[in-house]
Amino acid sequence: METLGLPLPLFEKILFRLDPISLVMMKCTRRSFNSHISEDPYFKSKYLSGVRSGLLHISSFGSKNLFCNPFGDSSSSRHHDFLDITTRILGSCSGLLLLFIDGLCVANPLTKRYRFLNYSKSMFLSRVDRWGILNFDLPSEKMNRLGLAVDQITQRFKVVCMNETETSDPDETMYQFEILTGDSCWRLSATTITCSASVLIMDKKPVYFDGSVHWLRKDGSILSFNPETEQARLIPIKFPLELCAVANKFLFSATEKELAFISATEDLITVYALENALINPKWALVKQIKNGVSENKKIRYWNVAAYDGKYLVLWEMYKDIYNGVVHGYDLRANKWGVLGSVPSWCDCSHSFYNFTPSPFSSTIELNKKVDVRMITTVRDDYNVRMITMVRDDKHISTLKKIMKLTDEISPCAKSRWH
């Protein structure tokens with residue numbers, strides 16, 4: 001590879017110091033740079049290990065208010081925007097977001113590229129009403145049937161829609177899977193799986209790990225589907241005994257290395273990792289953390305928000321204080337910090353998504369680009385809002401604001417927790 005006359009280790013050291021936006025620009029300068037940055041697995045792994053991540057959160061039922069809390073940024077309470085269209089976040093994977101903005105959309109906020117997905121050919125998502133109008137036909141409470149997957153080699157995305165159907169045996173449930181590839185072609189997989197009857201936990205979103213999308217069921221078992229191999233299986237596991245003994249808050253999540261389960265009480269937070277998933281699955285204890293943020297007797301509501309192996313996030317709402325607080329626990333430093341705030345009008349149905357910017361994902365499939373330079377920021381004493389400088393379709397202006405907001409997540413800022 002051409003390295004401008006520099007030794008390769010020194011050239012890569014320079015690349016590792018670039019923020020994700022600068023790295024995207026670097027890819028565009030020479031074909032050999034693009035090939036090395038996009039295709040070398042060592043480079044991608046090493047670079048992404050240094051990229052700072054953050055939180056995106058919004059009402060589970062959709063909202064025009066979107067919040068961003070970068071990890072390590074004590075000023076993150078200011079990162080909030082009012083969108084033009086009610087939006088839901090349905091998934092986050094490898095730097096891509098699966099959004100619902102009057103329809104499905106996949107976007108890479110870093111590269112500013114996006115694609116609105118055609119669902120008219122989907123068996124599970126489309127319905128023609130009596131007036132002959134095509135409608136999106138997935139009820140709000142079933143949005144967690146949709147999962148986003150990104151192939152870690154090709155970096156191409158796929159959207160999976162899982163469908164539950166009854167069988168002749170009332171004690172069994174059959175699952176079907178429909179796959180959307182990047183060319184907006186929906187295809188019903190020949191794979192089905194029939195297992196003991198149980199339902200998905202409605203407020204637990206699917207989790208992507210190791211090539212598969214995973215759904216948590218009420219009996220504790222995990223449904224898994226790999227959209228590349230189209231293999232499905234049920235992981236027959238029960239909830240940890242501690243969860244059954246007391247009234248816990250809990251979260252189903254994943255790190256780079258494992259599926260994770262977090263159980264929390266007002267006194268203690270327990271982190272588990274899934275072991276022996278293929279043979280004898282069990283939740284193995286990883287760490288116990290003293291819950292030092294839910295001791296306030298005036299708390300109206302609290303819950304576990306997110307976990308990625310590096311940070312654990314809780315959020316809480318108070319009875320007589322205007323804003324709630326988003327707390328983060330740094331597992332490497334073993335300390336709590338404040339990440340940001342949540343407005344008092346937020347209810348318990350608030351969804352948090354880990355998001356890590358990526359310059360690698362789906363640069364070909366996401367062939368439309370948003371120009372966020374047409375947005376400027378106006379600050380006053382009460383809020384921060386984005387003003388679009390040119391008239392634009394509301395869907396595009398909503399995407400612009402989401403992408404502008406996620407620019408707050410940067411790998412270069414030093415930790416300033418307080």
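## Ground rules

Residues are numbered from 1 along each chain as its sequence is written, and side-chain values use heavy atoms, with hydrogens and water left out. Because the model is predicted, local features need pLDDT of at least 70 and side-chain atom pairs count only at pLDDT 80 or more, while totals for chains, interfaces and linings use all residues.

Helices (H or I, at least four residues) and strands (E, at least two) are DSSP runs, numbered from the N terminus. Two strands pair if DSSP finds at least two bridges between them.

## Sheet S13 to S16

Four strands make an open, antiparallel sheet in the order S13-S14-S15-S16. Strand S13 (207-209) and strand S16 (231-235) are the edges. Each has a single partner strand, so one side of each lacks a neighbour in the sheet. From one strand to the next, the twist averages 25 degrees (axes are lines fitted to C-alpha atoms, and angles run from 0 to 180 degrees between N-to-C directions).

Inside this sheet, S14 (residues 212-216) and S15 (residues 222-226) run antiparallel and are joined by four bridges. Leu 216 has Ile 222 in S15 as its bridge partner.

## Sheet S21 to S24

Another open sheet has four strands in the order S21-S22-S23-S24, with antiparallel pairing. Here strand S21 (299-307) and strand S24 (335-342) stand at the edges. A single partner strand each means that one side of each is left without a neighbour in the sheet. The twist averages 25 degrees from one strand to the next.

S21 is joined to S22 (residues 311-318) by seven bridges, and the two run antiparallel. Asn 303 stands opposite Trp 315 in S22.

## Helix H6

H6 covers residues 394-406.

Among the buried residues are Ile 396, Leu 399, Lys 400, Lys 401 and Met 403. Asp 393 caps the N-terminal end of H6: one of its side-chain oxygens lies 2.8 Å from the backbone nitrogen of His 395.

## Two loop residues

Ser 94 is not a glycine, yet has a positive phi of about 50 degrees. Ser 94 sits in the loop between strand S3 (80-93) and strand S4 (96-100). Its relative accessibility is 25%, so Ser 94 counts as partly exposed.

Asp 102, also not a glycine, has a positive phi of about 60 degrees. Asp 102 lies in the loop between S4 and strand S5 (104-108). Asp 102 is exposed, at 52% relative accessible area.

Methods: Expected span 1.5 Å × (residues − 1). Buried < 20%, exposed > 50% of the residue type's maximum accessible area, 1.4 Å probe, protein only. Polar contact = N/O pair within 3.5 Å; in protein donor to acceptor, adjacent residues only side chain to side chain.
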